[in-house]
2 protein chains.
Amino acid sequence: MQTIQDSPLYPIMHPDRVAVIGASNRMENMGTAILNNILSFDFKGEIFPVHPTLEQVLGLQAYLNVSEIPVVPDLAIIVVPTRIVLQVFRECGQKGIRHAIIISGGFREAGEDGKHREQELLRIAQEYGIRFIGPNCIGVVNPNHRFNTTMFHYNASMEGFIGMVSQSGSFITQMFMHLEKFGLGFSQGFSVGNQTDMDIASCLEYLGVCERTRVIGLYIEGLTRPDEFIRIAREVSKKTPIVAMYVGGTEAGSRAGGSHTGALSGSDAIYQGVFRQCGIVRADSIEELFDFCWALGTQPLMNGNRVAVFTHSGGPGATAADAADRAGLKLPPLSAKTKEKLRDLVPQTGSLNNPIDLTFTRNFYDMMINIPRVLLEDNGLDGILAYFLIFVDNFKRLLGKVDSPLIPIEEYEEYVIELCVHFAKLVKSRNKPLLGSSFQARSEPFIKKLEDLGIPILPSPERSARAMGALYDYSMMRKALTD
Amino acid sequence: MQTIQDSPLYPIMHPDRVAVIGASNRMENMGTAILNNILSFDFKGEIFPVHPTLEQVLGLQAYLNVSEIPVVPDLAIIVVPTRIVLQVFRECGQKGIRHAIIISGGFREAGEDGKHREQELLRIAQEYGIRFIGPNCIGVVNPNHRFNTTMFHYNASMEGFIGMVSQSGSFITQMFMHLEKFGLGFSQGFSVGNQTDMDIASCLEYLGVCERTRVIGLYIEGLTRPDEFIRIAREVSKKTPIVAMYVGGTEAGSRAGGSHTGALSGSDAIYQGVFRQCGIVRADSIEELFDFCWALGTQPLMNGNRVAVFTHSGGPGATAADAADRAGLKLPPLSAKTKEKLRDLVPQTGSLNNPIDLTFTRNFYDMMINIPRVLLEDNGLDGILAYFLIFVDNFKRLLGKVDSPLIPIEEYEEYVIELCVHFAKLVKSRNKPLLGSSFQARSEPFIKKLEDLGIPILPSPERSARAMGALYDYSMMRKALTD
């Protein structure tokens with residue numbers, strides 16, 4: 001596959017004419033929420049709601065059945081009761097619709113009857129040449145096409161670089177709010193459900209050639225075509241990092257996956273081996289998956305595992321150092337030359353060991369520019385972990401009580417933002433990964449600025465250290481795959 | 001020690017007359033921020049700023065030196081340049097001040113000269129009978145006494161149940177904002193710095209008899225009196241859970257701790273053994289430390305490791321199951337009797353395996369009351385993990401576009417809050433731990449309500465499962481200690 005246009009997933013992610021079968025004017029209906037989200041995302045194509053009795057659905061003209069739609073839609077979204085899915089699906093085929101998303105559940109995950117129903121789905125698809133996602137999924141989101149078939153609202157400003165394929169709809173939709181906390185978003189996101197036709201491997205291959213996708217996240221309960229997955233993943237991860245969470249390796253996780261998507265899981269050791277063989281970084285939780293995606297999707301590769309921790313708070317420095325060590329990284333002592341360059345920039349109460357600890361600083365220019373520059377230029381370091389804290393609020397609370405500050409607070413805030421811009425430029429100009437962390441969040445303007453300029457600010461020093469460990473692992477696996 | 005009044009830490013945490021030595025009217029001065037935070041927390045006692053030239057500091061009358069203060073303060077906070085700390089400390093002793101917090105750094109952590117200075121501090125303390133915290137710390141916070149000597153503002157509504165002792169000031173002060181995200185707070189918090197006089201063991205003993213403290217968090221770079229620590233911790237953890245993070249067990253963490261507080265660390269295995277022997281739960285990160293404190297400070301003990309995962313989203317159910325398994329918990333199949341009771345409460349597309357997965361629900365009363373009641377009453381289960389998601393926003397976006405909803409949205413919001421109240425009552429009425437999780441945050445009124453009623457809502461299913469694992473570990477260790 002050369003471009004996403006080569007994939008049957010392309011029309012599913014970029015439709016112009018969409019039939020929505022199962023929406024109504026009742027809010028407790030899942031199809032209604034889905035149609036409303038398609039509408040509220042400002043989708044540019046045509047929408048054809050299908051409903052057996054209503055003339056209008058959410059203000060759009062509705063059709064009694066698929067055959068009455070005046071054109072041939074290029075995609076059908078099916079969210080009807082299980083018992084009529086097959087009939088509706090066949091009608092779609094008869095109409096000439098060649099792509100579908102089947103949201104309805106009640107198939108393989110629901111026992112023997114369900115298995116038969118799922119086989120029948122596949123038979124109908126083959127008869128009419130339909131390619132589909134699902135059943136038992138939540139659909140897809142493609143912010144660039146303003147297309148969101150899920151039950152959750154997608155914030156349009158969050159078009160992102162993470163391509164996501166998930167057997168859980170929740171880890172597409174409920175992540176909208178998680179990603180928004182960090183200013184991140186999906187490039188394209190697939191909830192594949194039971195993977196009856198298009199599976200994780202198909203979506204992975206598609207995302208591997210997607211130009212908007214800089215990193216791929218996978219949530220896996222069980223692979224359907226392991227050989228194909230391995231073949232594709234080894235190819236994709238040569239240029240796009242892949243991060244995977246796998247839950248089928250424990251007894252409880254395997255049973256849960258079986259009930260959820262009818263997945264057949266394999267032993268943890270086997271999956272671990274597959275991931276390593278494919279250059280896939282494994283995450284232990286969904287939070288970690290997105291932490292790793294953030295780092296791998298924004299930072300250059302590492303040539304080695306030597307990192308510097310830069311902080312002005314001892315505790316965060318020590319926890320970062322401890323976590324980095326556990327994640328397979330090394331904190332070498334700084335070279336004499338680097339120490340010399342830093343000596344006048346770090347207060348006497350600070351430390352020039354690694355971590356480099358300011359303990360306290362009044363000079364933000366040193367903190368944001370001069371010190372990072374020295375560290376970025378040190379060839380004995382392969383990456384930088386930087387802990388951030390800026391006291392704007394503290395300063396604000398002192399206003400009016402103290403002698404005039406050195407600079408007025410508004411200027412100070414502007415100055416901090418300017419420093420962030422310079423800092424990000426400095427980092428981008430060197431080919432060395434830098435991951436930030438802070439217990440301050442995106443509600444702080446300086447954190448938002450750094451994040452929007454492509455500097456990940458993880459929510460804790462330990463999480464930034466583990467993300468750097470993931471970046472190192474990927475760098476080494478990719479080297480092995482491409483050498 | 002029977003009560004906190006028996007400890008020399010009591011006057012440090014509950015002073016009436018405080019000398020603040022080193023504040024000025026310049027905002028870039030650390031002492032100024034500290035004095036301002038004492039003032040802005042509405043401290044009820046008297047404050048005596050000491051400054052060599054100023055007549056007023058932040059609007060308060062200032063004194064040229066300690067001897068000029070018209071009364072004998074019961075506490076001195078010293079935040080002056082390193083070179084005059086000893087002189088100021090001696091003046092405090094001469095004045096009759098018997099308790100101090102020494103914030104200034106430049107002691108053991110700063111090399112040989114610093115070591116001598118630190119010995120001299122101790123000598124002066126012994127000469128005058130002064131008990132002190134620090135040096136090289138950030139001081140203390142005691143919300144109940146409205147007393148905060150740190151550089152960060154403490155939100156007064158966050159008086160909490162977590163007693164914290166930390167060698168890092170950051171893990172007191174910068175946690176204010178972290179805890180606020182979850183409606184949590186400190187009962188009392190100590191930044192012990194170099195532990196020259198009062199150390200982690202002293203503070204642990206104090207918190208062990210503090211009635212406002214339901215759980216104790218420790219951030220450790222190295223223990224100064226390990227035998228005493230073990231004796232105290234074994235006693236305290238018989239009734240108050242202790243959660244510890246230790247960073248000195250890796251080469252990088254040990255070096256960082258040495259530079260930070262001059263701590264002498266020990267091998268990871270030794271500390272691991274000490275923790276187990278003392279019934280202390282170990283956390284791998286600061287986030288995890290507070291997750292565990294939340295669970296252990298609010299939930300009853302577990303009799304065994306059998307848990308049910310309750311969810312309406314398959315993915316979060318499967319990740320919780322997988323994480324629970326890895327944390328040493330078991331997800332048994334539900335009994336026939338429990339399945340029978342649940343059959344009509346769970347939709348056909350859902351699952352009665354463990355996880356109990358609704359997949360989708362329209363009946364919030366079943367979700368919040370009827371199903372949890374069945375699980376809480378099942379004697380084959382020792383704890384419940386519940387994943388929460390409530391779609392108020394989705395419903396709001398549909399308003400005005402659909403036929404009248406079953407209930408108006410304001411009533412629906414009220415109804416959800418009422419259900420939360422009933423749910424929390426139900427949980428409290430059974431002696432069984434329940435931990436919630438959600439990717440929705442405290443900005444959602446229903447999450448805030450649950451949290452304020454004592455139901456922890458961890459930020460991810462995996463984190464709730466690991467916190468339940470910590471609760472199980474503590475339950476078993478405590479049983480072994482008290483049997």
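**Close-up 1. B:P135 and its cis peptide bond in this predicted model.** B:P135 is found in the loop of chain B between strand 7 (131–133) and strand 8 (139–142). Strands (E, at least two residues) and helices (H or I, at least four residues) are DSSP runs, numbered from the N terminus. The peptide bond that joins B:G134 and B:P135 is cis, with an omega of about -5 degrees. Most peptide bonds are trans.

**Close-up 2. B:N136 and its positive phi.** The loop between strand 7 and strand 8 of chain B also holds B:N136. Although B:N136 is not a glycine, its phi is positive, at about 60 degrees. Most residues other than glycine have a negative phi. B:N136 has a relative accessible area of 19% and is buried; buried means under 20% relative accessible area, exposed over 50%, and partly exposed in between (1.4 Å probe, protein chains only).

**Close-up 3. The cis peptide bond between A:G134 and A:P135.** In chain A, A:P135 is placed in the loop between strand 7 (131–133) and strand 8 (139–142).

**Close-up 4. A:D42, a residue with a positive phi.** A:D42 belongs to the loop between helix 2 (30–40) and strand 2 (46–50) of chain A. Its phi is about 65 degrees, although A:D42 is not a glycine. With a relative accessible area of 40%, A:D42 is partly exposed.

**Notes.** Residues are numbered from 1 along each chain as its sequence is written, and chains are lettered from A in the order in which they are written. Local features in this predicted model need pLDDT of at least 70.

Conventions: This is a predicted model: local features need pLDDT of at least 70, side-chain atom pairs count only at pLDDT 80 or more; totals for chains, interfaces and linings use all residues. Side-chain values use heavy atoms; hydrogens and water are left out.
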